[in-house]
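Please go through the structure below with the following briefing at hand.

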Amino acid sequence: MPDIHDPRRRSVLAGAAALGASWLLSGCTGASAAPVQPGGETHEAPDSGGTLRIARPPASDAETLDPASALSAYEYLGALYNRLVRVGADGSLAADLAESWEPDAKARTWTFRLRKGVTFHDGRAFTSADAAYTLRHILDKATASPQAAVLAPLLDPGALRTPDAHTLVVPLKTPNAEFPSLLTHYNCYVIPDGGARAAGRTGIGTGPFKLESFTPAGPGRVVAFADHWAGRPVLDAISFYSVADMSARSNALLAGQVDLLSQTNLDFATARVVAASDRATVTRVKDAQWYVLPMLTTEKPFTDVRVRQAMKLAYDPEHVVKVALQGAGTAGWDNPVPPSDPAHISAHPAHDPEQARHLLKRAGHEGLAVELYTSAYDPLFTPMALAYQDSARRAGIRVKVRTAAADSYYTQIWMKKPLMATYWFTGRPVDQLFTQIFRGGSSYNETAWSDAAFDALLDRARAETDDTRRRDLYGEAQTIVMDRGGAMTPMFADRLVGISRAVRGYAEHGFEFDYLGIGLKGA
Amino acid sequence: MLAFLARRVSAAVGTLFLSSVLVFLAVQALPGDVAGQILGKDATPDAVAALRGRLGLDRPAWERYADWMGGALHGDFGTSLVSQRPVGGEVAAHLANSALIAGVTVLFAVTGSIVLGVIAGLYRDRWPDHLISTVSLVGMSVPEFVVATVLVLCFSIALPWFPAVVLYGPDASVGQLLPAVWLPALALAVVMAAYIVRMARTSVIDVMAGEYVTTARLKGLSSWRVVTRHALPSALLPTLHVIALNVAWLVGGVAVVENVFNYPGIGKLMLSSVQNRDLPVIQAVALVSAVVYTVCNLAADLGAMALNPKLRTRGRTR
């Protein structure tokens, strides 16, 4: 899928080679040592200048710099472009090219006041025409943008209005008080008016870096844009290198050929080796990956809500975090909204194997036996599955863990087998998360769950203009998902990111990466 | 002799034909609906049906095979489903990069292992033999990606002499690739050498026990002359076949090693095309590998014939 957790972004071979590497490397370090702590020195202020070298998994051999495309080269986007709105470090919305935004009384029309004095890399001034054009480009069927599925039901491209050069008015088809949050997606980076055709190659945006070279699935380079509206970035340039194999990426870091591994969650053995190296270290992005055990609610026995409830009550998420993550993460308690999200509620049903046993008995499934599919696609799938198996045994549920091929995992197993292990990157705004993954009939609804009361609640939440009341409604939605939904969320895992010890000012959360502030020591 | 040649060549052509059929069938049998796999997670049924039509998957298999073979014979392998570029050019660029590794590997492995094999054979059951035999057996038993990883650890990470990975794409120049060629070549050579060492050792032992070597010795020739002029040519003969087979094995061996080093060769192309279900590329890579394999075998047979009078004259004496 063209989301950032694209199955094709990780090589099958990585598993085998990484196994070889970790077997070789973990021999001398204590296998039970806790996963590494962030290196202290990487938080000092960077020196100005220098070239940062980033190794990245290519999106595809046909990847492009068009932000709206399903095959966009993710790492380049934040360096080259800006959005209207971004997500701040605290999870709330922050200004990017829009300085402020407000809805009308019913949240049916949104007005964005745009920043003045912003220029594109080719010298043109940024105006509301560019913002409107970008939205129309995303909605254009020919673009086939993944975010179009989210935005198309809400807005009509013909209805966009630009009363002056710095005002964009967006009338919506249905009220949505969360609309600006949907524009924080990485498909929504702003391109210049009329630039859709060229965007894939030229990468002209308003971002802190401008493009020097780009090769799909190959090397590329961006250089500092001195006229960037928020000031010049710390670095002089960034070189991006495409390295598909995960262990090859780690080797490049260890050998000092690159400074940062993007979209790479190091496995524990490799992380220890990296942390022990004198060139590189490991830093954590808190709760960056959201792990799910989706139960297909259209397949027996999960059609019965009591069985789903029993499956959830039967296991202890704290146990899964301890065993599968060695503590490097947070227990999910079957709530898909990450703890960092302002809408997250901490209340949840308690672990209760006795109640699970009781529910199964009532549902006529005493001594339930289920098959749980996993694969080498992600190093945490199998540990998570085994930890679940172990924990659920106390409630009398027998789980058989089956391993499937990694390269066809997302076409053969996901949304096909009744129970399997999967994950997403966190960073979706709460409305998009529910609408895309939990609403009945939505495109990524991996549990095929459809609950009219839940969908109606989402509609009410979207239309609610009072922030506190809206947050309460999203809280209620979380309660329903925990209670009746098909998704088990055992854990949020920290991403272990390999970086050079020379990197300073690295800051990443969700789909936000601080390209402006990152730099190097002694550059 | 001509009959022998004709027989060998026609056998090779037959093998190629059969392998093209097998390649085609194997690709058809890949798990997962091809159109669904290509479109990924958020494919709609309409899009899948449209792509199936565009790929011609709704036509009978033999028809598609005939089309594909017809194109391939004219050097047209179709268009990549992913990059939308002609497959032929893409495969050629990657193949050239792999040839660089293969050339260096063969040079290392053949010269090194023949020397070692001859030494082991001449010092049979003495310590040089034991040392060489043990080390080469270990080299043979360890998978190539482990050898590659160990080499990276030693010569890229602990001692930063060589790059650990290639950071360039398939259109990198020879100058850009050259520093990165040595470690993969060494990894492949280590695995490959063992076979050649064992073979060279055995033939040297056989030959040195032969009557004509005894005669040469009795004539009072120096041992150096006995070995280089009399023993070696005969000992090389069976080794030649093993070398050719190993060159053919390289085609598969590079697949793993190239991925460890992110080297933009045919092996990396093979893996990424399988993951992307880029059928035209998979088929072209597999077919090209089959050609390399068959040609190597043919070369081994013909080489053996050229060196062996018995084979060369068999047609006539009968």
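This is a predicted model: local features need pLDDT of at least 70, side-chain atom pairs count only at pLDDT 80 or more; totals for chains, interfaces and linings use all residues.

Residues are numbered from 1 along each chain as its sequence is written, while chains are lettered from A and ligands numbered from 1 in the order in which they are written.

**Chain A: overall build**
- The C-alpha trace of chain A spans about 70 × 60 × 35 Å along its principal axes.
- Chain A holds 16 helices and 21 strands, these being DSSP runs numbered from the N terminus (H or I of at least four residues for helices, E of at least two for strands).
- UniProt, in an unreviewed entry, lists "domain: Solute-binding protein family" for residues 95–443 of chain A; its positions are given in the numbering used here, feature names are shortened, and annotations may be inferred rather than shown by experiment.
- That span, residues 95–443 of chain A, is 28% helix and 22% strand, with its end C-alpha atoms 29 Å apart.

**Chain A: local backbone**
- Lys300(A) and Pro301(A) are joined by a cis peptide bond with omega of about 0°, and Pro301(A) sits in the loop between strand 12 (280–294) and helix 9 (305–314) of chain A.
- Ala144(A), a residue other than glycine, has a positive phi near 50°, and it belongs to the loop between helix 3 (128–139) and helix 4 (148–151) of chain A.

**Chain B: annotated spans**
- The unreviewed UniProt entry places "domain: ABC transmembrane type-1" at residues 95–300 of chain B, a stretch that is 84% helix and 0% strand.
- Among the spans that UniProt marks as "transmembrane region" in chain B are residues 135–159 and 179–197; the former is 88% helix with end C-alpha atoms 23 Å apart, and the latter is 100% helix with end C-alpha atoms 27 Å apart.

**Chain B: a helix pair**
- Helix 9 (residues 211–218) and helix 10 (residues 223–261) of chain B pack at an angle of about 150° with their axes 10 Å apart, the axes being lines fitted to C-alpha atoms over the stretch in contact and the angles running from 0 to 180 degrees between N-to-C directions.
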